[in-house]
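Here is a short tour to read alongside the sequence and the coordinates. Please keep the viewer open as you go.

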Amino acid sequence: MLIQERIQKHKAKLTSTDWMIYDYLDKNQKELPEWTMEQIAQDLHISTTTLFRFCSKLEISGFSELKAIIKNESQAILTQADISLNYHQVVDYIYEYDTQELFFRMNNSKKIYIYADGEVELRVAKEIQRIFQQSNFQIYLLPNELALTSSLKQLTDELLWIIKLSDDGQFPLALYTN
């Protein structure tokens, strides 16, 4: 499970210090594999015990496992330029349309599902999830059509966003049948 998914799952238990740790780890992912628990604790002016408690809240056995998870995530990350370009394309696309209904639906939803089938789409979806982490609704990522199909039954009065950046013309078959 990714760090962001763990944060989403356990966000009710997190303190302001935990959020500070998460922000620090998120901003410094590339350097993290070389750091020790003591170095991070010193940079954040916290104890190593606080850092270990953060790991425990996320159901991570310790700092070594945290580093391994972040290392695996960072190896799969596209370049920042790719993400930035695609993110700005999505924002520009949304800007052209009247978003009043979208915001109305967001305000009336407790859950938002984001279907993002593809690496770039999933990165944009994770950024959206990160932006709305401390909001009143939960955001669930649907990284493939199987996840979408299994979640459709739960989408009665909820919001489904579809992020599609490629021009391959494929649309989830599950949405054609509902």
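## Where helix 3 meets helix 4

Let's begin with a helix pair in this predicted model. Helix 3 (residues 37-44) packs against helix 4 (residues 48-57) at an angle of about 105 degrees, and their axes are 9 Å apart. Angles of 65 to 115 degrees count as roughly perpendicular, and helix 3 and helix 4 are therefore roughly perpendicular to each other.

Which residues make the contact? Helix 3 contributes Met37, Glu38, Ile40 and Ala41, while helix 4 brings Thr48, Leu51 and Phe52. Sorted by class, this contact of helix 3 with helix 4 has five nonpolar residues, one polar and one charged.

## The chain as a whole

Stepping back, the protein chain has ten helices and three strands.

The protein chain has 178 residues, of which 38% count as buried. If you take the contacts in the protein chain with a separation of 6 or more, residues 24 or more positions apart account for 73% of them.

How many salt bridges does the structure hold? There are three. One of them joins the side chains of Lys9 and Glu59, at 3.5 Å from N to O. This pair links distant parts of the chain: Lys9 belongs to helix 1 (residues 3-10), whereas Glu59 sits in the loop between helix 4 and helix 5 (63-75), 50 residues apart. Glu59 has a relative accessibility of 48% and so counts as partly exposed.

Lys57 and Asp18 also meet through their side chains in a salt bridge, at 2.6 Å from N to O. Lys57 lies in helix 4 and Asp18 in helix 2 (residues 16-27), so this pair ties together parts that are 39 residues apart in sequence. Are these two partners buried or exposed? Lys57 counts as partly exposed because its relative accessibility is 22%. Asp18, with a relative accessible area of 2%, is buried.

Now have a look at Arg130 and Glu127, whose side chains meet in a salt bridge at 2.7 Å, N to O.

## Helix 2 and its buried residues

Helix 2 is worth a visit of its own. At 1.5 Å a residue, its twelve residues should span 16 Å, and the end C-alpha atoms of helix 2 are 17 Å apart, which agrees. The buried residues of helix 2 are Asp18, Trp19, Ile21, Tyr22, Tyr24 and Leu25. Asp18 is the partner of Lys57 in the salt bridge described above.

What does Leu25 touch, leaving aside residues up to four places away in sequence? Its contacts are Leu32, Ile40, Phe54, Leu66 and Ile70. Among them, Ile40 also takes part in the contact of helix 3 with helix 4. As for Ile3, which lies 22 residues from Leu25 along the chain, the C-alpha atoms of the two are separated by 9.8 Å.

Terms used. Residues numbered from 1 in each chain as written. Predicted model: local features only at pLDDT ≥ 70, side-chain atom pairs only at ≥ 80, totals over all residues. Heavy atoms only, no water. Axes fitted to C-alpha atoms, helices over the stretch in contact; angles between N-to-C directions. Helix = DSSP H or I, 4+ residues; strand = E, 2+ residues; numbered from the N terminus. Parallel < 35°, antiparallel > 145°, perpendicular 65-115°, else oblique. Contact = heavy atoms within 4.5 Å. Nonpolar A, V, L, I, M, F, W, Y, C, P; charged D, E, K, R; others polar. Salt bridge = Lys/Arg side-chain N within 4 Å of Asp/Glu carboxyl O. Buried < 20%, exposed > 50% of the residue type's maximum accessible area, 1.4 Å probe, protein only. Expected span 1.5 Å × (residues − 1).
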